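Here is a short note for a colleague meeting this structure for the first time. The points are numbered and can be read with the model open.

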Amino acid sequence: NLYRMDIGIDTSRLVTMQLIFPVRTYSSLESRASFLDRLEERLNGISTIEGVSSTNWLPASSASLRRFEIDGRSDMTGEQRPLVGMVAVGSRYFDALGVRMLRGRAFTATDGEPGREAMIINQRLAEMHFRGEDPIGKRIRLINDGNIPGAPKFYQATVVGISPTIRQRGFEADPDPVVYITHGQNALMAMSANLIVRARSNPVAVAALLRQEIAAMDPDVPVTNIRTMDEVLARNRWPQRVFGTMFLVFAVIAIVLAAVGLYSVTAYSV
C-alpha cells in the first residue's frame, strides 16, 4: 500500500538537490531569498529544463507545524486552533511539480514583500476549514505557540490560491493540510535549500548542467544530495521497508517453529 500510494505529483522526471549557503556571503534572509529567485530565473531559461523551483521541505518528507487561525472565526481560538504544515517555496514551485492551481493563482515575484504577504493553501485544508465558503481573499494567521525558539509569534497573509493536495509529511493515511509561503516570509529560513528540477527527458542527464549553472552564479555555493524524486521517496520509505522485512523474517521463523512443534507433538501422540 505504501509503494502504491499517490503523493499527488508525477515524479518520473524530477531531480532534487540541496544547496548550502556560505555564512559569510548569505548571512541575511534577504540575500538567500534573492539568490534563489535569481537562480530560478536563470535555470527556467534552459531548454532542457521544463521547470525549476526551491523549497525548504521536499514533498513527502516533512513540514514546519504551526497553529492555524482564520480572521473573523470565533471557533478557532486557544487550544481549538488546528495544526497545519507550513512550507516555504519559490514562485514557480507548482510549475516545477507539474500541477495547476485549482483556484486563484500561484505566487508572483512580488508576493511576500511588505504589504503583499500571500499564502497558498492546499485542497485538503480548504475542505477541512472552509466548507461552504470561498478561501480566496481570506486573511489567515500561522501562530507559533512558543515551541519554536526564535520564530515570530505569527505569520499573517491573504490566501491567493488553492493548490492540489500534495503529501507533505510522510505517508499517513490522510494527507496533511498545508499552507505554502514564500521564502521572503520565512523568518527561520535555514542556511540551505532544496532545489526541484523537472527535466524534459532524462532527469539524470541534467545534473551536470545544473552544477555548471549554479557554479556560474556563485562557485562558493556547494551542491549536494543530487537524487531523483523517486530515489528520495524510496529513502523516505526505507524505515517501513526495513521493519516490514524484519517482521516477515520473524513470521517465517515462527511458522517453522510452530510446524516443527505440531509435527513433534502429533508424532509423539501417534
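This is a predicted model: local features need pLDDT of at least 70, side-chain atom pairs count only at pLDDT 80 or more; totals for chains, interfaces and linings use all residues.

1. Start with a buried pair. R141 and E69 are both buried.

2. R141 has another partner. Its side chain also meets that of D71 in a salt bridge, at 2.3 Å from N to O. This pair again links distant parts of the chain, with R141 in strand β7 and D71 in the loop between β3 and β4, 70 residues apart. D71 is partly exposed, with a relative accessible area of 32%. Which residues do the shared partners join into one network? They are E69, D71, R81 and R141.

3. The salt bridge between E69 and R81 has its closest N and O atoms 2.7 Å apart. E69 lies in strand β3 and R81 in the loop between β3 and β4 (83-89), so the pair ties together parts that are 12 residues apart in sequence. R81 is partly exposed, at a relative accessible area of 22%. In the whole structure, a search finds 12 salt bridges.

4. Now the chain as a whole. It has 5 helices and 11 strands. The C-alpha trace spans about 85 × 55 × 35 Å along its principal axes. Of the 270 residues, 43% are buried. Among contacts with a separation of 6 or more, 78% come from residues 24 or more positions apart.

5. Surface and charge come next. The accessible surface is about 13,900 Å², and carbon and sulfur atoms hold 55% of it. There are 30 positive and 27 negative side chains, and the centres of the two sets lie 3 Å apart.

6. Look at the nonpolar patch. F243, M246, F247, V249, F250, I253 and L257 make a surface patch of about 730 Å². F243 belongs to helix α5 (residues 229-269). Its relative accessibility is 49%, so F243 counts as partly exposed.

7. Check two backbone angles. Most residues other than glycine have a negative phi. A60 has a positive phi, near 60°. A60 is in the loop between β2 (49-55) and β3 (64-70). Is A60 buried or exposed? At 2% relative accessibility, it counts as buried. N225 also has a positive phi, near 50°. N225 lies in strand β11 (residues 223-228) and is partly exposed, at 40%.

8. N186 is a loop residue with partners elsewhere. It lies between β9 (178-182) and β10 (192-199). N186 is buried, with a relative accessible area of 6%. Beyond its neighbours within four places in sequence, N186 is in contact with L29, N56, M86, A88, Y155 and I181.

9. Finish at R124, in helix α3 (residues 123-129). R124 is partly exposed, at 24% relative accessibility. Setting aside neighbours within four places in sequence, its contacts are T165, D174, P175, D176 and P177. The C-alpha atoms of R124 and D176 are separated by 6.9 Å, though the residues are 52 apart along the chain.

How values were computed
Residues are numbered from 1 along each chain as its sequence is written. Side-chain values use heavy atoms; hydrogens and water are left out. Patches are made of residues with over 30% relative accessible area and no salt bridge: like charges are joined within 9 Å, nonpolar side chains (Val, Leu, Ile, Met, Phe, Trp, Tyr) within 5 Å. Accessible areas come from the Shrake-Rupley method with a 1.4 Å probe; for residues, only the protein chains shown count as cover. A salt bridge is a side-chain nitrogen of Lys or Arg within 4 Å of a carboxyl oxygen of Asp or Glu. Helices (H or I, at least four residues) and strands (E, at least two) are DSSP runs, numbered from the N terminus. Buried means under 20% relative accessible area, exposed over 50%, partly exposed in between (1.4 Å probe, protein chains only). Contact means heavy atoms within 4.5 Å. Lys and Arg count as positive and Asp and Glu as negative; His and the chain ends are not counted. The place of a charge is taken as NZ of Lys, CZ of Arg, CG of Asp or CD of Glu.
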